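Have the sequence and the 3D view open as you read.

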Amino acid sequence: MKNIKLWISIFMLLAISTGFVLANDLSINADKQSFKMEENKAKFEGNVKVQYEDITVSSPRAEVNIDPQTKKLTDAIFFDQPYVVEVKKGKTNEIKSNIIKMSLLNKKIKAEGNTQTTVTENMQPTVIINADEQEYDTNTKVLTAKGGVIIYYKDVETFSDTAIANLDKDGNLKKLTLSGHGRLKQKDSVITANKFIYDAAKEEAYAIGNSHSDVNLDGTKVKVWAYRQQYNKKTNTLMANGSVRVIYKDYDARGPKATVYPDPKTNKFNQVVFVGRSTIVETTRSITADRIKMFLNPKNFFAEGNVKTVIRNVQGQKNAL
């Protein structure tokens, strides 16, 4: 996920009062404006609009607090479902929420209540983040979303209690962490885990804690359970560790560690390699070995290293003959 630059840009609205030198002016329009010296507060009511460069903040009403000693702005609060939009180089970035709070002291911007951040490029939304609240820290370049977080990015949809995005100075994603009841859905595939971590530079995703992958492979489900799963997009490989279990058709394989490799021709998942004492179960037999290779298409497997085969209900099979 990249180009979530709106939070950074909004903070420029407030930079005037902190001593930074900016070339352009900040304009505030409203039907009514008032300043109460005893409260050190300025109030704006009716069609409030704040304009700075490419950014516009619209709200029915707003309040600005002023430090009584320095006479500088400390924070601004926009009420009653404010709307923030930035249009720049064919991109539109928007923030909607019940309340937006901007702090000059700790350099944080916080949206509260039914928040939604949308990044649109070429008239198409590329990123949408919904949450109870969202906060951006301009010092650490960290965006935090809490409460029923739903993220839409291209064909990926994520669900979690909390999402933390670490951004670079240009607003591009470096790392995304999803915590609490995490679920990631892409097309017909679903992954659940206690925690997800995505490293944008390495293009690697980690599912940690009670992870479960349900992958649709040409109409057939491949199910993977493990404590930890790691997916590398560049190599299209999936590594699973800790009480690994893989189910495919009538195969039920278990072991301490497994890696899923793609077919070199189709680049689709096709080979599962179990390392460590592992077992694969079919309809009437189970095979235990130090290493098991399971192929999905054509469906087959190979076992090596202290191989032990158990054929269940042999007498019943004889009677059936």
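Asp252 counts as buried, at 18% relative accessibility (buried is under 20% relative accessible area, exposed over 50% and partly exposed in between, with a 1.4 Å probe and protein chains only). Bear in mind that this is a predicted model, where local features need pLDDT of at least 70, side-chain atom pairs count only at pLDDT 80 or more, and totals for chains, interfaces and linings use all residues. Residues are numbered from 1 along each chain as its sequence is written, and side-chain values use heavy atoms, with hydrogens and water left out.

**Around Asp252**

- Asp252 pairs with Arg245 in a salt bridge, 2.8 Å from N to O (that is, a side-chain nitrogen of Lys or Arg within 4 Å of a carboxyl oxygen of Asp or Glu).
- Arg254 also meets Asp252 in a salt bridge, this one at 3.7 Å, N to O.
- Arg245 is partly exposed at 26% relative accessibility, and Arg254 is partly exposed at 43%.

**The other salt bridges**

- The structure has 12 salt bridges.
- One of them links Glu133 to Lys110, with the closest N and O atoms 3.7 Å apart.
- Glu133 sits in strand S10 (residues 124–137) and Lys110 in strand S9 (residues 108–121), so this pair ties together parts 23 residues apart in sequence (strands are DSSP runs of E, at least two residues, numbered from the N terminus).
- Both ends are partly exposed: Glu133 comes in at 27% relative accessibility, and Lys110 has a relative accessible area of 23%.
- As background, side chains of opposite charge can pair when their charged atoms come close.

**The largest pocket**

- The largest pocket holds about 1400 Å³ of space (on a 1 Å grid over the protein atoms alone, a pocket is an open set of points where a 1.4 Å probe fits, with protein on both sides within 12 Å along at least five of seven lines; the volume is the space filled by probe spheres set on the points).
- It is lined by 40 residues, and the closest to its centre are Val156, Leu184, Gln186, Tyr231 and Lys233 (lining residues have an atom within 4 Å of a point).
- Strands S11, S12, S13, S14, S15 and S16 each supply at least two lining residues, and S15 gives the most, with 8.
- The lining divides into 21 nonpolar, 9 polar and 10 charged residues (Ala, Val, Leu, Ile, Met, Phe, Trp, Tyr, Cys and Pro count as nonpolar, Asp, Glu, Lys and Arg as charged, and the others, Gly among them, as polar).

Note on methods:
Helices (H or I, at least four residues) and strands (E, at least two) are DSSP runs, numbered from the N terminus.
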